[in-house]
Amino acid sequence: MPNVREATLDLLRAHRMTTIFGNPGSTELPMLKDFPEDFTYILGLQELAVVGMADGFAQASGRVTHVNLHTAPGVGNAVGGISNALANKAPLLITAGQQVRPQITMEANLTNRDAVLGPQPYVKWSHEPPRAEDVPRAIGRAIHHASMPPRGPAFVSIPMDDWDAEADADSAANAIARTVAGRSGPDPESLEGLARSLHEARNPVLVAGPDIDASGGWDAAIALVEKQRLPVWATPAPGGGRLGFPESHPNFLGILPPAIGPASETLAGHDLVLVAGSSVFPYYPYIPGPLLPEGTALVQLTSDPAEAARAPMGSAIVGDVALALARLLELLGSSERPGPQARPLPGPVEETDPLSGSAAMAALADVWPPDAVAVVETPSSTIALRNRLRLSRPGSYYFSASGGLGFGIAAAVGVQLAEPQRPVVCVLGEGSAQYGITALWTAATYRVPVTFLVLRNQEYMILKWFAEFEQAGGIPGLDLAGLDVAAVAEAYRVPAVDVSTGEQLREALGAAIEADDGPRLVQVPVASGMWFD
Ligand SMILES: Cc1ncc(C[n+]2csc(CCOP(=O)(O)OP(=O)(O)O)c2C)c(N)n1
């Protein structure tokens, strides 16, 4: 008769979930003891970083990924990362230790009080099994919740005395044998109606969102755009955790402004807006205006019923985005509409001292390998990065869709572990870098060859920009004097260099990207400012 730990390990094997990201405490040791050789444990030094690594790994691999956390304080530290994972639709199984069952009611030390409540707003399912023998079944259920659209984190709290308890062999065998296919096709009649609308539209436009990439709909989106000669906007940057469309494509116009009024103005002249794989829309900040221009209809394709329900305008068709795009492609013929004007290539940029964010991104573009992946947490230079790199392969861009910092360094480690063949470059503001900084140790220790580029402007630039926008003067705490990420990186055993000119930056980045024996970090001072081109 297997015990709960043995049955759970078999369940995880059945789901190919043999990599565990964790930070252990005494309440997790009974799960981890006699750790099997076919499993890999990736140690993160703080829970926000642990969840960020698993988030990157889950998104890049497309598979449910296991995170193991310490009881209440560990889960508490992780909540920011769990909220990011929910926004990123990263499928995570999150388990956490708990006091032994006989000591929960007396609330002995390390009891996770109301364990299911802690992460609850940010997980799809939160549970503490009523009996030890229910643990494998509960973990199986959490995996299925995490894997079904919309994908996201699911949480199970497990009392530490459960692991050595005898499993219910029958229930465990059933849990191990089950598979659940969550991909569901959109309503065929609604899609036919949409195809008719697209065919009849005078000047339709596509707004491409992250779920095109996540669903595997990249090629279908390109084919549909070319067949129908659609201009394409990317969904507003704050919520665009992945790219939905190649940004060097001649039909790609740029990133939709992230506020109601300007987004609507940008869409003026289009009679039909097709939104694929995005919420409508990830607006921020609030600039009021009409939701859509006069005479413009909007149809959203999303696999997320909540995203469909909460959209403030337009219609929605719920179902797998890649399947929907592929079907539209079948239903529609080639259009004779004139295609859009290709947007100009970004011009050369002056190399000032210190460099502008645009010049730093231009230097990065100069050495960018075509198959590289960008993990981005550089608030004042994100738009310049998008404009200069013009990433055009699927799975090439990860950004925390909730805006929660602490994602970048950690997610880059996870993405690189999932994609060892592709160079991963993580671009960070020096302020953003602090939240997940301990993931540098994991990168060094597991020799994960990420290139970290830190833009050092000695301030929270984007918050200064927002303060001006909100006409809020006299804000304290927006300057970051003397924060030296290269020195911190060295302490974590990540080789780091400081550079200042464009030439030095290109050289240092080229060498860092080339190195495959572990991470490298390049730090460059940048001028104060928001960089859009
Ligand atoms: C967890 C978390 N805390 C605080 C914030 C608010 N915040 C947004 S941007 C930012 C500053 C980032 O500074 P830096 O990385 O140096 O980038 P810069 O704006 O200077 O380019 C902060 C603190 C956040 N988004 N997430």
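View 1. Strands (E, at least two residues) and helices (H or I, at least four) are DSSP runs numbered from the N terminus. This is a predicted model, in which local features need pLDDT of at least 70, side-chain atom pairs count only at pLDDT 80 or more, and totals for chains, interfaces and linings use all residues. Residues are numbered from 1 along each chain as its sequence is written, and side-chain values use heavy atoms, leaving out hydrogens and water.

**View 2. The open sheet.** Six strands line up here in the order E9-E8-E7-E10-E11-E12, with parallel pairing (two strands pair if DSSP finds at least two bridges between them). Strand E9 (252-255) and E12 stand at the edges with a single partner strand each, so one side of each has no neighbour in the sheet.

**View 3. Partners of E11.** Have a look at the two parallel neighbours: five bridges join E10 to E11, and four join E11 to strand E12 (residues 315-318). Leu 272 has Ala 297 in E11 as its bridge partner, while Leu 274 stands opposite Val 299. In E12, Val 318 is the bridge partner of Thr 302.

**View 4. Helix H9.** Among the buried residues of helix H9 (residues 218-228) are Trp 218, Ile 222 and Val 225. Just after H9, Arg 229 takes a positive phi of about 50 degrees.

How values were computed:
Buried means under 20% relative accessible area, exposed over 50%, partly exposed in between (1.4 Å probe, protein chains only).
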